[in-house]
Amino acid sequence: MHKNPESLTLASPFSKSYWRTAAQELRNLRMLTLAAIVVALRIVLSGLYIPLGDNLNIFFGYFVNSLGAAIYGPVVALLSGFATDVLGYFVHPTGPFFPGYVLSTMLGSFFYALFFYRARITVVRVILAKLSVNLLVNVGLGALWSAIQFSKGYYYYLVKSLMKNLGMLPLEVLLLWLFLKAIAPVCARNGLLPKQSLRSRVMQIINENTSAEP
């Protein structure tokens, strides 16, 4: 069963309908099942990466995370992020459990949903989404969590993380854009995402206006 066509129209996070539809995804069994699959895939993929240098790696989890967030929206994305971090810790424990990283994982999923859910995914949106995750979550919060747990001050971790995340940003944006560009039309044809082409969107608006005429 596909989603209701109304729920697949483009919308802004600043509109009430956006958040009403996002909240309704919690009652959609298909979306909850998909979120569970995303959680499982992210846990499995967490140990897989492409090494590029000293502490520089391309991880695969953010591809799955961004696609899932685009489909089921920010409300389910928060729960998906929570489950991913907590379950992932028990499957692959690395040191003591720290709740700050749970918040970071939740917010990372949330930001992807804000930029991609019920949206035509463009390169600008991909840049803004990845920039938000890298700077606000990975750098801003990541440095704070490191400062709380370890001996050096906040600005030491901030500068170190900033250099790493800005250096990785262009490649991460390019790979994410190529991935979403390839997979989004497939998801749109299966009723999981709005129509991605501008022509399809124009035709959708024309059809909606025609059907609304008396």
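G100 is buried, with a relative accessible area of 6%. Buried means under 20% relative accessible area, exposed means over 50%, and partly exposed lies in between (1.4 Å probe, protein chains only). G100 sits in helix α4. Its C-alpha lies 9.7 Å from that of S146, although 46 residues separate G100 and S146 in sequence.

This is a predicted model, where local features need pLDDT of at least 70, side-chain atom pairs count only at pLDDT 80 or more, and totals for chains, interfaces and linings use all residues. Residues are numbered from 1 along each chain as its sequence is written, and side-chain values use heavy atoms, with hydrogens and water left out.

How confident is the predictor? pLDDT is its confidence in each residue, from 0 to 100. The protein chain has a mean pLDDT of 89, and 87% of its residues reach 70 or more. Over residues 1-7 the pLDDT is below 50. Beyond near neighbours in sequence, this stretch has 16 contacts in the model. A contact means heavy atoms within 4.5 Å. Where pLDDT is low, the predicted coordinates should not be read in detail.

Now the overall layout. The protein chain has seven helices and two strands. Helices (H or I, at least four residues) and strands (E, at least two) are DSSP runs, numbered from the N terminus. From that end, the order is α-α-β-β-α-α-α-α-α. The protein chain has 214 residues, and 43% of them count as buried. Take the contacts between residues at least 6 apart in sequence: 70% of them join residues at least 24 apart. The accessible surface is about 11,900 Å². Carbon and sulfur atoms account for 70% of that surface. These areas come from the Shrake-Rupley method with a 1.4 Å probe; for residues, only the protein chains shown count as cover.

Next come the strands. Strand β1 covers residues 49-53, and strand β2 covers residues 56-59. They run antiparallel and are joined by four bridges. Two strands pair if DSSP finds at least two bridges between them. One link to look for is G53, whose bridge partner in β2 is L56. N55 is not a glycine, yet its phi is positive, at about 60°. At 46% relative accessibility, N55 counts as partly exposed.

R118 also has a positive phi without being a glycine, with a value near 55°. Find R118 in the loop between α4 (99-116) and α5. R118 is buried, with a relative accessible area of 5%.

Helix α5 spans residues 123-149 and holds G142. G142 counts as buried, at 17% relative accessibility. Along the chain, G142 and L162 are 20 residues apart. Their C-alpha atoms are separated by 10.0 Å.

Turn to the aromatic rings. The structure holds 15 aromatic pairs. Rings of Phe, Tyr and Trp (its six-membered ring) pair if their centres lie within 6.5 Å; planes under 30 degrees apart count as stacked, over 60 as edge-to-face and the rest as tilted. The F60 and F63 rings have their centres 6.5 Å apart and their planes at 35°, so this pair is tilted. F60 is partly exposed, at 29% relative accessible area. F63 is buried, at 11%. The Y156 and Y157 rings have their centres 5.1 Å apart and their planes at 80°, so this pair is edge-to-face. Y156 is partly exposed, with a relative accessible area of 40%. Y157 is buried, with 13%. Elsewhere, ring pairs link Y18, W19, F110, F111 and Y117 into a cluster.

Which lysine lies over the face of Y156? That residue is K152, at 5.3 Å from the ring centre. K130 lies over the face of Y62, at 4.9 Å from the ring centre. A charge sits over a ring if NZ of Lys or CZ of Arg is within 6 Å of the ring centre and within 35 degrees of the ring normal.

Notes: pLDDT = per-residue confidence, 0-100.
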